[in-house]
Amino acid sequence: MGAGCATARDPLHRRVRDLRGYGDSTKPRCAPDKSNYAFRAMAEDQVGLMRALGFERFHVIGHDRGGRTAHRMALDHPQAVASLTVMDIVPTYAMFMDTNRKVAGAYWHWYFLSQPEPFPERLIGNDPDFFYETCLVGWGASKISDFDPEMLAAYRRAWRDAAMIHGSCSDYRAAASIDLEHDAADIDRKVACPTLVFHGASGAMARLFDIPAEWRKRCETTTDAALPGGHFFVDRLPDETARILIEFVESRR
């Protein structure tokens, strides 16, 4: 569900993994202080994985929650991140602190999923297909038929897992608490590596924020790119997305 954080050595050798709590990754119970679902913990997962695979420095590409994890990686592990790509998001701090009725109306799930356990888990678990498919259409300015059937089947398999529902809610609980604290502490720090700010031109995020301007506040050097569509332009236009990503990474090698 847009939680993947992709790490690339070169255009022909890409590795993608699910964040903790999502997909086929481990799904621990949320700690009382939410720290084990903070973007800092998820960033450490990614850096640890890449080191285990033999990569000390690499390019990082993240969509949605993966993009937030990637932003934290660039702040906490600058020696490891050769370049950063954030896809269809603005910084977490801006999402909370610059909100208004329009942002809250479009991104209501940030406030619903972060409610105390077990309220959102129980409601979602009653009909996970209805909940998540409604989100796919609402966030992505798309139709269910726009998604590849095999991809949609993989999404459904993942989100029907009660542990994944808990992991997703825990991610959002952390964002509204410990992640916000981490971001506030780093509000004056800028990402030093080259950054690609990539978004869906007709998505809710683009309507609500000046996405490139938000990232210029947090990054020293940015390049902007956009494709038609909403939040899930990655799924709808995979070849076009890959081309832009490869061009950016190749130019920063």
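How many aromatic pairs does the structure hold?

Analyst: The structure holds 12 aromatic pairs. Rings of Phe, Tyr and Trp (for Trp, its six-membered ring) pair if their centres lie within 6.5 Å; the pair is stacked if the planes are under 30 degrees apart, edge-to-face if they are over 60, and tilted otherwise. This is a predicted model, in which local features need pLDDT of at least 70 and side-chain atom pairs count only at pLDDT 80 or more, while totals for chains, interfaces and linings use all residues. Residues are numbered from 1 along each chain as its sequence is written, and side-chain values use heavy atoms, leaving out hydrogens and water.

One of the pairs is F96 with W110, which is edge-to-face, at 5.1 Å centre to centre and 70 degrees between the planes. F96 belongs to helix α3 (residues 92-97) and W110 to helix α5 (residues 109-113), so this pair ties together parts 14 residues apart in sequence. Helices here are DSSP runs (H or I) of at least four residues, numbered from the N terminus. F96 and W110 are both buried, where buried means under 20% relative accessible area, exposed over 50% and partly exposed in between, with a 1.4 Å probe and protein chains only.

A second pair joins F112 and F131: the ring centres are 5.9 Å apart and the planes stand at 45 degrees, so this pair is tilted. F112 is in α5 and F131 is in helix α7 (residues 128-140), so parts 19 residues apart in sequence are tied together. F112 counts as buried because its relative accessibility is 17%, and F131 is buried at 13%. Both F112 and F131 belong to one aromatic cluster, together with W108, F119, Y132, Y155 and W159.

W110 also has a charge over its ring. The charged end of R65 sits there, 5.1 Å from the ring centre. R65 lies over the face of Y172 as well, at 3.8 Å from that ring centre. A charge counts as over a ring if NZ of Lys or CZ of Arg is within 6 Å of the ring centre and within 35 degrees of the ring normal.

F119 of the cluster falls within helix α6 (residues 119-126), where P120, E121 and I124 are buried. These buried residues fall within an arc of 100 degrees seen down the axis, so they line one face of α6; the arc is that of the directions from the helix axis to the C-beta atoms. On the other side of α6, R122 and N126 are exposed.

Conventions: Helix = DSSP H or I, 4+ residues; strand = E, 2+ residues; numbered from the N terminus.
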